[in-house]
Protein chains: 2
Amino acid sequence: MFADSYSSKLLENAAAEIAKLPGIGNKTALRLALHLLKKSEDEVRALSNALTKMREEIRYCSSCNNISDNDICEICANTARNQAIICVVESIKDVMAIEKTGQFKGLYHVLGGIISPLDGVGPDDLKLQNLQSKVVAGSVNELILTLSTTMEGDTTNFYLYRKFSPFNITITTPARGLAIGDEIEYADEITLGRSIANRMPFKL
Amino acid sequence: MFADSYSSKLLENAAAEIAKLPGIGNKTALRLALHLLKKSEDEVRALSNALTKMREEIRYCSSCNNISDNDICEICANTARNQAIICVVESIKDVMAIEKTGQFKGLYHVLGGIISPLDGVGPDDLKLQNLQSKVVAGSVNELILTLSTTMEGDTTNFYLYRKFSPFNITITTPARGLAIGDEIEYADEITLGRSIANRMPFKL
């Protein structure tokens, strides 16, 4: 994989480890390794320690499965948030994306996956225990099913809807329609067709 | 720099450290950090250790300044190589590039820089001590000045030529001309002009 021309096994090994990261090829890995060689030992140690520490010490919120430095994540622990509205998402990346919008003040539930028969992921692979307990306990008013608008997302939505609709809660999904900035001419036809079928009152 | 929406300082810190690497922005850093979260502790530790170990244990060849795991690098230690021909380069990256060609069987001398008044790099910033000792001792027959064909490279070439031409050695540079695969129509005019002025006998 690497040429013999490295003249340092240490460099070769470091570059090989960096090249295991997704989207980083051998040339970039070598460039990064050589960059680190020019940095102080303290700087390189700061990077290494941050990675190891994160991997070894990070925890998952025992309430919502979001990543957390504590047993309960900051979002679940925030009493200013509406504990009765739960936004169900696939991964922690989705939590980050929604938090960035600043539009949601309820809690999350991270499924840790999405039903995908092709990938061998079934309903039993989703982390649903805590969510189910909350729903059964009657502490949830609304579930917002915020999964990707894909075949897998739709399948998971359907499964969750069947599972939770017997309870006395509202089940919603984010509005679907034209994205802000979309040009009609270039909108995909399914989105455009549905957005016309589901048209809403015009507001000034 | 990062949103509050991380819900983990450990993740935030890891992403911030990764984002210090050249060419890696905040989004990529976050993606890489999340990728590492999914890897085993052993895999993350392997990466961290490789980086720290490389930085702390790597050495520079006491003969040619190339990186090395030992006091003398593999190239200098290889008695099958011609010790009397020295290829003078700017950095260890150049050594790697030339080694890859498999066309050079002499030794190297890594200057660790190139004369660049604009960047505040003068002749005294080049690592020349060992090379000078070798030349003075009479153990060098030829110096191949293999620096970039830029203003800075030319300046450094000129400096080295002045310094070493009083000794009884041959001083050369790699051939300049059209690159293999160049189309005449698109060759830059300086290269094309010089390549015609310095034309060479046609060989079948």
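Reader: Are Phe104(B) and Tyr108(B) buried or exposed?

Author: It's a predicted model: local features need pLDDT of at least 70, side-chain atom pairs count only at pLDDT 80 or more, and totals for chains, interfaces and linings use all residues. Residues are numbered from 1 along each chain as its sequence is written, chains are lettered from A and ligands numbered from 1 in the order in which they are written, and side-chain values use heavy atoms, leaving out hydrogens and water. Buried means under 20% relative accessible area, exposed over 50%, partly exposed in between (1.4 Å probe, protein chains only). By that rule, Phe104(B) and Tyr108(B) are both buried.

Reader: What about Phe104(A) and Tyr108(A): how do their rings pair?

Author: Rings of Phe, Tyr and Trp (its six-membered ring) pair with centres within 6.5 Å; planes under 30 degrees apart are stacked, over 60 edge-to-face, the rest tilted. For Phe104(A) and Tyr108(A), the centres are 5.2 Å apart and the planes at 65°, making the pair edge-to-face.

Reader: How much area do chain B and chain A bury between them?

Author: Buried area is the accessible area (1.4 Å probe) that two parts lose on being put together, summed over both. Carbon and sulfur atoms carry 69% of it here, and the total is about 5,000 Å².

Reader: Which residue of chain A forms a salt bridge with Arg45(B)?

Author: A salt bridge puts a side-chain nitrogen of Lys or Arg within 4 Å of a carboxyl oxygen of Asp or Glu, and there are two between chain B and chain A. With the closest N and O atoms 2.8 Å apart, the partner of Arg45(B) is Glu56(A).
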